[in-house]
Amino acid sequence: MEAQNCIACLKSGPQGARVTIWDGQKLGRLNPAEKEDMRRVIDDMGRLSAQAQKLKVPITDYERIRLGSQALYLLTSSGPSKDVILVKGLLKVGQKNLFIRKECGALVEINPLCVLDFYVHVSCQRIGLGRQIFDAMLVHTKKLAYQIGYDRPSQKLLSFLAKHYNLKRFYPQANQFVIYNAYFDSSCPDD
Ligand code: ACO
C-alpha cells in the first residue's frame, strides 16, 4: 500500500494508525503486483473478521470489493521496517434497500448506507482503533452514526455504538438490520 492511497485526512491515531479507502475503481488502477498484495490483505482480513463473528464464510473479499459497489476502509500502521505496513482493521459499507417496521407499527422503505462488516484485529481491540476507522468513514461519507444502518450487529458493535455515539434505542427487525430510532427522528435524543 502506498502513501498516496491514504484518504483519511485524519491525524494519526493510536500506534500511528491511518485509514485508506478502497473500491472497485481504485483496485482496478493498481498494477498486477499491487493487486495481488491487496487480494491477500483483503481476503486475509475478511477471513479473520468472519472467524471473529463466527460466520461460516467471509462476507468481505477482494472480488466482492472489485466487482461490487461497496467501499472498504482499511486501518493500517507502519511495521517494523519501512516497506512493511500492518493492516489492523476493516470497515465495509454499502447502500441497502430495506423495509423497516417502526415502533408505531408502520412499515417504511429506506435506502441507507449500511455497515456490512467491521473488524479490528484481536491484538489491538479496545484501544480506540475501531473509533478511528469508523470516524474516518463518517467524515468521508458525510454521515452521522444514526443515519447509518447496521447489518446484524454483534454485541461488541452495539456496545461500541452506545459508547461512542450514544446510540441505544432501536426496534428489532425481522431482517436483523438495526436502524436506530434517531434515524427517523433525529430531534429526539437517543436515550
Ligand atoms: N465486549 C464488549 N464491548 C466491546 C468489546 C468486547 N469484547 N470490544 C469492543 N467493545 C466496544 C466497547 O463499547 C468498548 O468500550 P470499553 O472498552 O470502554 O468497554 C468499545 O467497543 C471500544 O472502542 P474501540 O476501541 O474504538 O473499538 P475496537 O477497536 O475494539 O473495535 C470492534 C470495535 C470493531 C467491534 C471490535 O471489537 C471487533 O472487531 N470485534 C469483533 C468483530 C465484531 O464483532 N465486529 C462487528 C460485527 S457486526 C457488523 O460488522 C455489522
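The dialogue below takes these topics in turn.

Author: This is a predicted model, in which local features need pLDDT of at least 70, side-chain atom pairs count only at pLDDT 80 or more, and totals for chains, interfaces and linings use all residues. Residues are numbered from 1 along each chain as its sequence is written, and side-chain values use heavy atoms, with hydrogens and water left out.

Reader: How many aromatic pairs does a search of the whole structure find?

Author: Rings of Phe, Tyr and Trp (its six-membered ring) pair if their centres lie within 6.5 Å; planes under 30 degrees apart count as stacked, over 60 as edge-to-face and the rest as tilted. The search of the whole structure gives nine such pairs. In one of them, F134 and F160 are edge-to-face, at 5.6 Å centre to centre with 65° between the planes. This pair links distant parts of the chain, 26 residues apart: F134 lies in helix α4 (residues 129-141) and F160 in helix α5 (residues 155-165). Helices here are DSSP runs (H or I, at least four residues), numbered from the N terminus.

Reader: Is F134 buried or exposed?

Author: Buried means under 20% relative accessible area, exposed over 50%, and partly exposed in between (1.4 Å probe, protein chains only). F134 counts as buried because its relative accessible area is 0%. F160 is buried too, at 13%. F134 also pairs with Y165 in a tilted arrangement, 5.1 Å centre to centre and 40° between the planes. That pair again links distant parts of the chain, from helix α4 to helix α5, 31 residues apart. Y165 is buried, as is F134.

Reader: Which residues do ring pairs link into a cluster?

Author: The cluster consists of F118, F134, Y150, F160, Y165, F170 and Y180.

Reader: How many disulfides does the structure hold?

Author: A disulfide is a covalent bond between the sulfur atoms of two cysteines. The criterion is a pair of cysteine sulfur atoms within 2.5 Å. The structure holds zero.

Reader: Which residues come nearest to the ligand?

Author: A residue is near a molecule if one of its heavy atoms lies within 4 Å of it. There are 23 residues around the ligand, of which F118, G128, S154, S159 and K163 come nearest.

Reader: What polar atom of R126 lies 2.8 Å from an oxygen atom of the ligand?

Author: A polar contact is a pair of N or O atoms within 3.5 Å; within protein, one must be able to donate a hydrogen and the other to accept it, and residues adjacent in sequence count only if both atoms are side-chain atoms. For R126 the polar atom belongs to the backbone. In S159, a side-chain N or O atom is 2.6 Å from a ligand oxygen.

How values were computed. Helix = DSSP H or I, 4+ residues; strand = E, 2+ residues; numbered from the N terminus.
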